[in-house]
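Visitor: I'm new to this one. Can you walk me through a few parts?
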Amino acid sequence: MYLLMAAFVFLAGCSKENRNVTETNNRIQKPQESLESQQAGEENQEEQETQEDQEEQRKIEKVTALETNVSMDGWNELNNSETEDENDKEEKDDEKKELLTLDRVLELSRKEKLEWSDFDGYTYEDVGFGLYIHMYDIDADFYLLVGGTGGGEPMYVHLVSAKEKEKFIDLVSQDVGEKEVEDFILENKGTSYCVSIPAHVKEIKQDGILISSDTDEFPGVFFVTGVRDAMSDEEFWKLKGGMHFRILMEDMNRKNVENGNLAEYRAKEMILLSDDEDFGQEDILLLSAPELELNNALSSFYDSYIVQSGSYTWTVEENGEEKQEVACGASPLDETGLKKEKLKIPNYSTTDGVMNSVPYLYSTKIQPDILTLRQWNIADMGDNQAKEEQVTVYYGKTSIVDLQRDKLYEFTAEWLKRNLPENKFYAEVSYTVATE
């Protein structure tokens, strides 16, 4: 019995000890498992937080990029809008601007005080560095330099000789007035060479147009400035590529680098041509030099001014043979060769003052193929060495020339030999006209 009880106690102790060992093991294992679980949980949490942070960062980046794009789009749109507005403003300003003329310079020379605002509305190039220096192109002989701070009175206003740039006269100098400026112009002005041709538009540019000549006697492509001043508003807005017109333009004696070194001209007058233009010449055979008839194109009265021929060479075809007649007249600067009665050029008033020139219709029964018009000051009469103020060559058949007061003109009409089968003659004839 005692032995049985001892065995029971032993077994119970063993069982209790085993439970304690199991519990101890469990207590040892559970904290380790709990630590591992906690560490795993923390790692999962950190990984989850990292993923959430990364996702949040991606969202922020997307939003930032979106805001940036929207902002840049808005800025670009605004900037483009402002640029377009500025370009529109510049184009509108350019449309309003005119080329400065010597007549305007003479007007300014009469003023006691010049200001920058006196030059508003004229085309210029900013050539200054530090100070404002505006260069105003006038013609082949002169340009104007205005320098200063850009407001109030300019420091100087130099009328400069384009051929000899060291020669200039300062309009703001106290010793300079209209007479001094006129003398400077007369001393430094060369002969102005102009041409009148039928042509068509090749390309319209911001600062001029490219034109192509439609006459074989003066072929080529040319760059022309001053178009806005040479046409009426109505015709200017109709101008487009391929359009045909007659243009009177002055040779600027330079090449335009930006447009392939084309010869540069300045438009003086442009008239759109109609397809049915007719000169209404008589169907006759001219056997000798005809008279030159001039009529004021602006007058409602038909009051012809008739001029007899001077020097000429006239060749007529008869029965397959050519017969030539030659006459030698006086020099155009010789008073003996002039008609006693001068051609009176009327004074026509405009909003800008008195018209500088008046259009005249001319007729020689059969219009010449080429007409050369040489112009001198009437004061040069008798001086055979005097140089022309202007030489204008009209290519192709035309019927209008511009004449000024107190000038001496020589008209030289040419009928080309290539038109012999049609005209039955070819010739060259000169006429001399004095105006007042």
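Guide: We'll take a helix pair, a hairpin and one tyrosine in turn. This is a predicted model.

Visitor: Helices, then. At what angle do α2 and α3 pack?
Guide: About 150 degrees, with their axes 8 Å apart. Helix α2 covers residues 102-109, and helix α3 covers residues 178-188. Angles over 145 degrees count as roughly antiparallel, so α2 is roughly antiparallel to α3.

Visitor: Is the crossing left-handed or right-handed?
Guide: Right-handed, as α2 passes α3.

Visitor: Which residues make the contact?
Guide: From α2, Leu 102, Val 105, Leu 106 and Ser 109. From α3, Glu 178, Val 181, Glu 182 and Ile 185.

Visitor: How many of those are nonpolar, polar or charged?
Guide: Five are nonpolar, one is polar and two are charged.

Visitor: On to the hairpin. In which sense do β13 and β14 pair?
Guide: Antiparallel, over seven bridges. Strand β13 is residues 312-318, and strand β14 is residues 321-327.

Visitor: What stands opposite Glu 317?
Guide: Glu 322, in β14.

Visitor: And how many residues sit between the strands?
Guide: Two. In this hairpin, Asn 319 takes a positive phi near 55 degrees.

Visitor: Last stop. Where is Tyr 156 found?
Guide: In strand β4, residues 156-161.

Visitor: What does Tyr 156 touch, leaving out residues up to four places away in sequence?
Guide: Ile 133, Leu 145, Val 146, Gly 147, Asp 170 and Val 172.

Visitor: How far apart are the C-alpha atoms of Tyr 156 and Val 146?
Guide: They are separated by 5.9 Å, and the two residues are ten apart along the chain.

Methods. Residues are numbered from 1 along each chain as its sequence is written. This is a predicted model: local features need pLDDT of at least 70, side-chain atom pairs count only at pLDDT 80 or more; totals for chains, interfaces and linings use all residues. Side-chain values use heavy atoms; hydrogens and water are left out. Axes are lines fitted to C-alpha atoms, for helices over the stretch in contact, and angles run from 0 to 180 degrees between N-to-C directions. Helices (H or I, at least four residues) and strands (E, at least two) are DSSP runs, numbered from the N terminus. Angles under 35 degrees count as roughly parallel, over 145 as roughly antiparallel, 65 to 115 as roughly perpendicular and the rest as oblique. A crossing is left-handed if the near helix is turned anticlockwise from the far one by less than a right angle, and right-handed if clockwise. Contact means heavy atoms within 4.5 Å. Ala, Val, Leu, Ile, Met, Phe, Trp, Tyr, Cys and Pro count as nonpolar, Asp, Glu, Lys and Arg as charged, and the others, Gly among them, as polar. Two strands pair if DSSP finds at least two bridges between them.
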